Amino acid sequence: MATYPNVSSSEFNIPKIRFTKLFINGEFVDAVSGKTFETIDPRTGQVIARIAEGDKDDVDLAVKAARQAFDYGPWPRLSGSERGRIMRKFADLIDENLEELAALDTIDAGKLFGWGKAVDIPQGADHLRYYAGAADKIHGEVLKMSQPFQAYTLLEPIGVVGHIIPWNFPTSMFFMKASPALAAGCTMVIKPAEQTPLSALFYAHLAKLAGIPDGVINVVTGFGPTAGAAISSHMDIDKVSFTGSTEVGRKVMQAAAASNLKAVSLELGGKSPLLIFDDADVDKAAELALLGIVFNKGEICVASSRVYVQEGIYDEFVRKLVEEAKAWVVGDPFDPKVRQGPQVDKKQFERILSYIEHGKREGATLLTGGKPCGEKGYYIEPTVFTDVEEDMLIAKDEIFGPVMSLMKFKTIEEAIKCANNTKYGLAAGIVTKNIDVANTVSRSIRAGIVWINCYFAFDKDCPYGGYKMSGFGRDLGLDALHKYLQVKSVVTPIYNSPWL
């Protein structure tokens, strides 16, 4: 496998880190405690900058600012078209700072710089524009009552929202959550992951430049057990939206219930199946299967980590998959030849390697990969196991890395049973030329999104979220907007009307 983990990125001028403090009520401020923490470059393991470490006291200040902005400020009271205008200005500013923002996500999260410039950062701006277009189309219904009453519904912003976002897609997740909440008229406290705080603070700066009023967007950097827990349990937050592990999602939900019964939406873990049937184009299926597990270094909740191949093409598929995996280029994410950068941090790097060792000990066959690569940084080869049993840890647990479990099936019924044999239900993929097979299987799998002859086909208009222990609530599409709205019914009597 060609690897370039130590390629110099001197050809690209790494930007100076401009924002390292908390953003509360329109100002960058130190943490109340004065504490800071290190954010690390996963390409090298070296410190990029020290970031303000917010905790409960800082969350209290941020919530106070958000509550003031919601109860008395202009944002919820602006017309939808005016909110949309400011959101579009925000999007324009993102476009103007495209390269710097992409570089921040690369040095902080190990994401491919070219992909960031072409997809992740523009996608954030696109989310803003999509929901900006919806902001002036929020309306209720006139109801037909069975008694002499006039009734209608209002859709009102839910209030102060706490967004807790993960480290794998710092920009995409920021705007998947903030954009619909802004369009609805909510105010918010955003806690980015401690591994990837840099772009979130930059977006706070751009929000202010765009004209979003003080207190509407607050960003508190810090750790989950302190800042995240303070958001989940805060008595003056009306809703919390969390993306992350199922384990932490359970804690968020418990804290929400134990405090003020705030509304909760959770997008959690996954162990997504990809089912490849005998009639599939083997070359395309192998490409899709590999992409499904190594895209974003496997640090994606919908990764197709369980690949089931029908026995008629299994051997041919294995040969092609190994060929594709060995040609996959791992290395410095600033290098345009590279397809896979480093894992986000040392902890995740070691976690993935420990699962690879589990797979070996449990008797799975390591087909290719399985080793770290490079003299520094957190790089791991694309890894494929065969002879995997359903009860092995590598087949059950979300590894969140470039590790595939490859299995064989005979019949459609067996494939469906295997696909559903998981506590998760986030995504699934099907590769077949038979429309009847595609229809039957897609309706039989318990997952929030099913891709047929494609994978990772996300779109701002297409909602996604989980079944089972992958959570509840939907991101993207108009379903996401309605997460941040409440329905109020208004009823008045009518007298002497010729009709009801």
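D214 counts as partly exposed, at 38% relative accessibility. Before I go on, please keep in mind that this is a predicted model. D214 makes a salt bridge with K208, and the closest N and O atoms of that pair are 3.0 Å apart. K208 is partly exposed as well, with a relative accessible area of 37%.

Let's stay with charges for a moment. As a reminder, side chains of opposite charge can pair when their charged atoms come close. How many salt bridges does a search of the whole structure find? The search finds 27. One of them joins R129 to D95, with 2.5 Å between the closest N and O atoms. That pair links distant parts of the chain: R129 is in helix α4, residues 113-134, while D95 is in helix α2, residues 80-96, and the two are 34 residues apart. Is R129 buried or exposed, or something in between? At 28% relative accessibility, R129 counts as partly exposed. D95 is partly exposed too, with a relative accessible area of 37%.

Now for a pair within one helix. K320 forms a salt bridge with E323, the closest N and O atoms being 3.3 Å apart. Both sit in helix α10, residues 314-327, and because they are 3 residues apart there, about one helical turn separates them. K320 is buried, since its relative accessible area is 15% and the cut-off for buried is under 20%. There is also a network of salt bridges, which links R67, D71, D236 and D238.

Take F317: beyond its neighbours within four places in sequence, F317 is in contact with I276, V282, A285, A286, A289, V307, V309 and L406.

Helix α7, residues 224-233, has its own set of buried residues: A227, G228, A230, I231 and S232. What do they pack against? Their partners are α1, β8, β9, β11 and α8.

Next, the aromatic rings. The count comes to 21 aromatic pairs. In one of these, the ring centres of F90 and F175 are 5.5 Å apart and the planes are at 70 degrees, so the pair is edge-to-face. This pair also links distant parts of the chain, with F90 in helix α2 and F175 in helix α5, residues 170-184, 85 residues apart. F90 counts as buried at 0% relative accessibility, and F175 counts as buried at 0% too.

W115 and F295 make another edge-to-face pair, because their planes are at 70 degrees, with centres 5.1 Å apart. W115 lies in helix α4 and F295 in the loop between α9 and β14, so the pair ties together parts that are 180 residues apart in sequence. W115 counts as partly exposed at 38% relative accessibility, whereas F295 counts as buried at 15%. Both belong to one aromatic cluster, together with F169, W451, Y455, F456, F458 and Y464.

Let me finish with the sheets. Seven strands form an open sheet of mixed pairing, in the order β16-β19-β20-β14-β13-β22-β23. Its edge strands are β16 and β23, each pairing on one side only. From one strand to the next, the twist averages 25 degrees. Within this sheet, β19 and β20 pair in the parallel sense over 3 bridges, and F385 stands opposite S405 in β20. Helix α11, residues 346-361, packs on the sheet and touches β16, β19 and β20; its direction makes about 20 degrees with that of β19.

An open sheet of 3 strands has the order β6-β7-β26 and antiparallel pairing. Strand β7 is joined to β26 by 9 bridges, and E156 has Q486 as its bridge partner in β26. P493 is also found in β26; it is partly exposed, with a relative accessible area of 41%. Leaving aside neighbours within four places in sequence, P493 is in contact with P148 and F149.

Technical notes:
Residues numbered from 1 in each chain as written. Predicted model: local features only at pLDDT ≥ 70, side-chain atom pairs only at ≥ 80, totals over all residues. Heavy atoms only, no water. Helix = DSSP H or I, 4+ residues; strand = E, 2+ residues; numbered from the N terminus. Buried < 20%, exposed > 50% of the residue type's maximum accessible area, 1.4 Å probe, protein only. Contact = heavy atoms within 4.5 Å. Salt bridge = Lys/Arg side-chain N within 4 Å of Asp/Glu carboxyl O. Pairing = 2+ DSSP bridges. Axes fitted to C-alpha atoms, helices over the stretch in contact; angles between N-to-C directions. Phe/Tyr/Trp six-rings, centres within 6.5 Å; stacked < 30°, edge-to-face > 60°.
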